[in-house]
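Here is a short briefing for a reader who is new to this structure.

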Amino acid sequence: VQLQACGGGLVQAGGSLRLSCSVTGRAASSFSVAWFRQAPGKKREFVAAISWAGGSSYYSNSVKGRFTISRDNAKNTVYLQMNSLKPEDTAVYYCAADQRFGTVVDGFHYWGQGTLVTVSS
């Protein structure tokens with residue numbers, strides 16, 4: 001399974017961005033996918049996750065109500081719509097996949113390369 005994240009960039013506080021994660025490989029649509037982020041000098045942290053069928057999703061408290069995770073299995077792509085962005089959302093965002101639904105970094109075996117999101121104040 002291979003993941004490719006894109007969509008990062010520079011945005012002003014209050015703005016929006018949509019990240020995309022393309023998931024390819026054998027039975028890619030059967031994997032749960034999550035987004036994590038890592039700010040400079042900090043540990044990688046969970047942002048949002050979605051089950052393989054899209055019926056279940058989960059968010060960290062810091063992004064709940066502002067970010068929305070979704071997936072299009074026909075396109076093997078998972079999206080992270082980020083609204084009302086704050087400077088503290090600045091980080092490298094990674095998508096990850098695994099057969100089990102989870103929120104822990106160590107629980108995911110497959111990772112994308114990351115895409116940088118910078119939110120200016």
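Tyr110 is partly exposed, because its relative accessibility is 31% (buried means under 20% relative accessible area, exposed over 50%, partly exposed in between, with a 1.4 Å probe and protein chains only). This is a predicted model, in which local features need pLDDT of at least 70 and side-chain atom pairs count only at pLDDT 80 or more, while totals for chains, interfaces and linings use all residues. Residues are numbered from 1 along each chain as its sequence is written, and side-chain values use heavy atoms, with hydrogens and water left out.

**Aromatic pairs**

- The structure holds 7 aromatic pairs; rings of Phe, Tyr and Trp (its six-membered ring) pair if their centres lie within 6.5 Å, and planes under 30 degrees apart count as stacked, over 60 as edge-to-face and the rest as tilted.
- Phe31 and Tyr110 form an edge-to-face pair, because their planes stand at 80 degrees, with ring centres 5.7 Å apart.
- Phe31 lies in the loop between strand 3 and strand 4 (32-38) and Tyr110 in strand 10 (residues 110-111), so this pair ties together parts that are 79 residues apart in sequence; strands (E, at least two residues) are DSSP runs, numbered from the N terminus, as are helices (H or I, at least four).
- Phe31 is buried, at 6% relative accessibility.
- Tyr94 and Trp111 are also edge-to-face, because their planes are at 75 degrees, and their ring centres are 6.5 Å apart.
- With Tyr94 in strand 9 and Trp111 in strand 10, the pair ties together parts that are 17 residues apart in sequence.
- Tyr94 is buried, with a relative accessible area of 14%, whereas Trp111 is partly exposed at 26%.
- A cluster linked by ring pairs holds Phe36, Phe46, Tyr58, Tyr94, Phe108 and Trp111.

**Charge over rings**

- Arg44 lies over the face of Tyr94, 3.7 Å from the ring centre; a charge sits over a ring if NZ of Lys or CZ of Arg is within 6 Å of the ring centre and within 35 degrees of the ring normal.
- Arg44 also lies over the face of Trp111, at 4.9 Å from that ring centre.

**Cysteines**

- There is 1 disulfide, meaning a pair of cysteine sulfur atoms within 2.5 Å.
- The disulfide joins Cys21 and Cys95, with sulfur atoms 2.2 Å apart.
- The torsion about the S-S bond of Cys21 and Cys95 is about 75 degrees, so the disulfide is right-handed.
- Cys21 sits in strand 3 (residues 17-24) and Cys95 in strand 9 (residues 91-98), so the bond ties together parts 74 residues apart in sequence.
- Cys21 is buried at 0% relative accessibility, and Cys95 is buried at 0%.
- Cys6 is in no disulfide, and the nearest cysteine sulfur, that of Cys21, is 8.6 Å away.
- Cys6 is partly exposed, at 42% relative accessibility.
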